[in-house]
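Q: Could we go through this structure together? I am new to it and would like to begin with the terms.

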Amino acid sequence: MEDSTMRARAPRVLASVVALLTCVLPFAADWNATHLYNPQWSGHAKFHSAHTMALGGALGLLGLVWLWRPGRFVPGLMVLAIYWLTQASALLFPGTTVIDPEFAGRLPRVGGVTLNQAWGDAVFVGLLAVSWVWSRRGR
């Protein structure tokens with residue numbers, strides 16, 4: 001494969017990694033005792049958790065398909081960004097937190113910083129922005 005072809009595909013590959021993680025990470029984060037199997041959660045709260053998992057899977061798959069269709073790269077990026085931006089915006093609603101206190105110890109820490117979903121939201125939106133800028137530079 002020519003070097004120029006590989007460079008042209010690189011932004012799509014980076015965004016595709018985000019797409020695949022958008023499909024998988026909601027299930028990894030919520031299909032457990034902290035969410036879906038949390039006995040303290042009502043059935044309605046679990047419904048919203050399930051909706052979030054399904055939405056991540058659907059947006060991730062749609063984004064992945066569009067990233068590789070001619071003329072659909074930017075819409076694919078936007079579809080993927082919707083998931084992560086709306087997740088970040090959930091923190092603006094009254095009474096929301098990134099994790100329930102009894103599960104706070106499950107979050108990883110790096111250099112004294114707790115890595116929660118807000119960090120993930122910023123990283124994934126940032127990677128999508130890098131993909132967009134990278135694709136523009138290749139023109």
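A: Ala, Val, Leu, Ile, Met, Phe, Trp, Tyr, Cys and Pro count as nonpolar, Asp, Glu, Lys and Arg as charged, and the others, Gly among them, as polar. The model is predicted: local features need pLDDT of at least 70, side-chain atom pairs count only at pLDDT 80 or more, and totals for chains, interfaces and linings use all residues. Residues are numbered from 1 along each chain as its sequence is written, and side-chain values use heavy atoms, with hydrogens and water left out.

Q: How do the residues of the lining of the largest pocket divide?
A: They comprise 19 nonpolar, 15 polar and four charged residues.

Q: Changing topic, is Ser16 buried or exposed?
A: Ser16 is buried, at a relative accessible area of 9%, because buried means under 20% and exposed over 50%, partly exposed in between (1.4 Å probe, protein chains only). Ser16 lies in helix α1.

Q: What does Ser16 touch?
A: Leaving aside residues up to four places away in sequence, Ser16 touches Leu64, Leu67 and Trp68; contact means heavy atoms within 4.5 Å.

Q: Which of α2's residues are buried?
A: Among them are Ser49, Met53 and Leu67.

Note on methods: Helices (H or I, at least four residues) and strands (E, at least two) are DSSP runs, numbered from the N terminus.
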